[in-house]
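Biologist: Could you take me through how to read a model like this one, feature by feature?

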Number of protein chains: 2
Amino acid sequence: MREVFQQELREVQERLIEIASLVATSIENATTAFNESNVGLAETVIADDDKIDAAALELDELAINILARQQPVARDLRIVVSALRISASLERMGDMAEHIAQLARYRFPDKVVPKSLRGTFSKLGTLDVEIARKLVELLRTEDVRLAEEIRNDDDRIDALHLSVFDKVLGETWKGAAVDTVDATLASRYHERFADHAVSIAKKVQYLATGEWAAAE
Amino acid sequence: MREVFQQELREVQERLIEIASLVATSIENATTAFNESNVGLAETVIADDDKIDAAALELDELAINILARQQPVARDLRIVVSALRISASLERMGDMAEHIAQLARYRFPDKVVPKSLRGTFSKLGTLDVEIARKLVELLRTEDVRLAEEIRNDDDRIDALHLSVFDKVLGETWKGAAVDTVDATLASRYHERFADHAVSIAKKVQYLATGEWAAAE
């Protein structure tokens with residue numbers, strides 16, 4: 001029985017890694033679509049979000065099934081409950097990638113943000129992609145140093161997010177209202193993507209070390 | 001054992017109702033603070049968010065404890081897992097109320113949005129408050145008609161949310177970039193608040209009827 005359970009936990013872990021990989025691909029495609037105004041890539045991200053949602057739903061069913069059949073306690077129970085929460089966060093990360101892609105599609109063939117903000121959004125995109133890749137590795141290896149790195153990357157994203165507002169609210173901003181709206185939403189989507197990654201990283205860190213970093 | 005378990009499920013339900021009531025109070029205070037530029041009320045909402053977070057965390061611990069001790073299966077298991085998810089959504093609703101309050105505090109003594117948008121935000125606020133109150137009643141009574149009403153209210157909120165963009169992107173918009181940013185964020189916070197309520201309503205509806213409306 002115990003061996004079956006360990007096998008099932010590995011199955012849960014593998015599925016989480018798989019969903020995180022889908023999310024990493026989506027954010028890479030979404031930020032490329034956004035920065036390079038690639039409408040085909042944007043369509044791919046939007047279509048792929050259904051796959052992420054379906055994979056998350058299947059994982060949830062598996063986790064609930066394990067709870068019902070194996071009746072885990074203590075640390076094993078925490079792992080399965082955490083898997084449900086991680087699945088929910090990954091699903092939201094997929095939604096953020098989709099929102100970024102939708103902005104790119106909506107503004108095509110124009111770029112979403114004016115020249116003065118493109119460097120900032122290029123950095124935001126690069127960091128989101130890095131965070132997503134680190135998350136895949138963190139779920140695979142449970143190496144808590146990656147959780148620390150994700151938190152540090154998130155600090156850099158928060159600073160870039162604030163710098164978008166500084167730019168938009170500064171005297172040199174010449175953007176129309178539509179540019180202001182899009183920059184505001186796009187910046188928030190990039191920032192929320194990273195927040196969800198931090199939330200997952202904390203859960204993995206907790207499972208690996210027993211030290212709980214509470215919800216903020 | 002069974003009776004103890006039923007008692008514990010009632011305890012879970014009561015705590016969910018309690019957290020939903022805190023959220024209803026917060027969104028009422030937040031939207032009043034926002035619409036009337038009441039900085040004291042905004043501070044109250046910001047301080048109260050810690051209470052909501054703490055109550056949600058306590059409920060999660062109770063639910064995990066019940067899973068470990070009672071090892072529920074079938075519908076009972078679904079109820080406890082749903083409680084964990086509802087708790088997470090309520091926690092996010094509290095965050096949205098806090099974000100709305102933070103905008104009010106930040107712009108005080110000015111109002112957050114210019115005159116041309118105040119009617120729309122007043123309606124958004126009223127609908128969010130109504131939704132929050134209906135959610136408390138839905139959790140209390142499991143009357144699925146309330147779940148339907150919440151979905152309908154959410155449709156009205158989505159329409160108002162879109163009308164904010166129509167206004168901001170229209171030719172008559174005279175707002176500065178800061179007005180555009182704030183209107184964009186405020187509208188999104190109001191809309192996300194309602195989305196989380198719909199997500200909770202679907203879970204309660206599923207538990208009451210067995211019909212699952214999947215994540216969107």
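This is a predicted model: local features need pLDDT of at least 70, side-chain atom pairs count only at pLDDT 80 or more; totals for chains, interfaces and linings use all residues.

Biologist: How are chain A and chain B related?

Modeller: One asks which rotation and shift bring one copy onto the other. Here a rotation of 180° with 0.0 Å of shift along its axis superposes chain B on chain A, with an RMSD of 0.0 Å, and the two copies are therefore related as by a two-fold rotation axis. In chain B, the C-alpha of Q71(B) is the nearest to that axis, at 2.8 Å.

Biologist: Which elements of chain B give two or more residues to the side that touches chain A?

Modeller: Contacts come first: 25 residues of chain B are in contact with 25 residues of chain A. The elements concerned are α2 (39–70), α3 (74–107), α5 (144–168) and α6 (177–209) of chain B, and the residues on this side divide into 20 nonpolar, 3 polar and 2 charged. Because 100% of the interface residues of chain B are also interface residues in chain A, the copies meet through the same surface.

Biologist: And which residues of the largest nonpolar core touch the most other members?

Modeller: In soluble globular proteins, nonpolar side chains tend to be buried together. Here the largest nonpolar core has 127 residues, of which V23(A), L135(A), A197(A), V23(B) and A197(B) touch the most other members. Leaving aside neighbours within four places in sequence, V23(B) is in contact with I52(B), L90(B), M93(B), G94(B), A97(B) and A132(B).

Conventions:
Residues are numbered from 1 along each chain as its sequence is written. Chains are lettered from A and ligands numbered from 1 in the order in which they are written. A nonpolar core is a set of buried Ala, Val, Leu, Ile, Met, Phe, Trp, Tyr and Cys residues joined through C-beta atoms within 7 Å. A residue is buried if 20 or more other C-beta atoms lie within 10 Å of its own, exposed if 12 or fewer, and partly exposed in between; C-beta atoms are placed from the backbone. Two residues are in contact if their C-beta atoms, placed from the backbone, lie within 7 Å. Helices (H or I, at least four residues) and strands (E, at least two) are DSSP runs, numbered from the N terminus. Ala, Val, Leu, Ile, Met, Phe, Trp, Tyr, Cys and Pro count as nonpolar, Asp, Glu, Lys and Arg as charged, and the others, Gly among them, as polar. Copies are superposed by least squares on the C-alpha atoms of residues with pLDDT of at least 70 in both.
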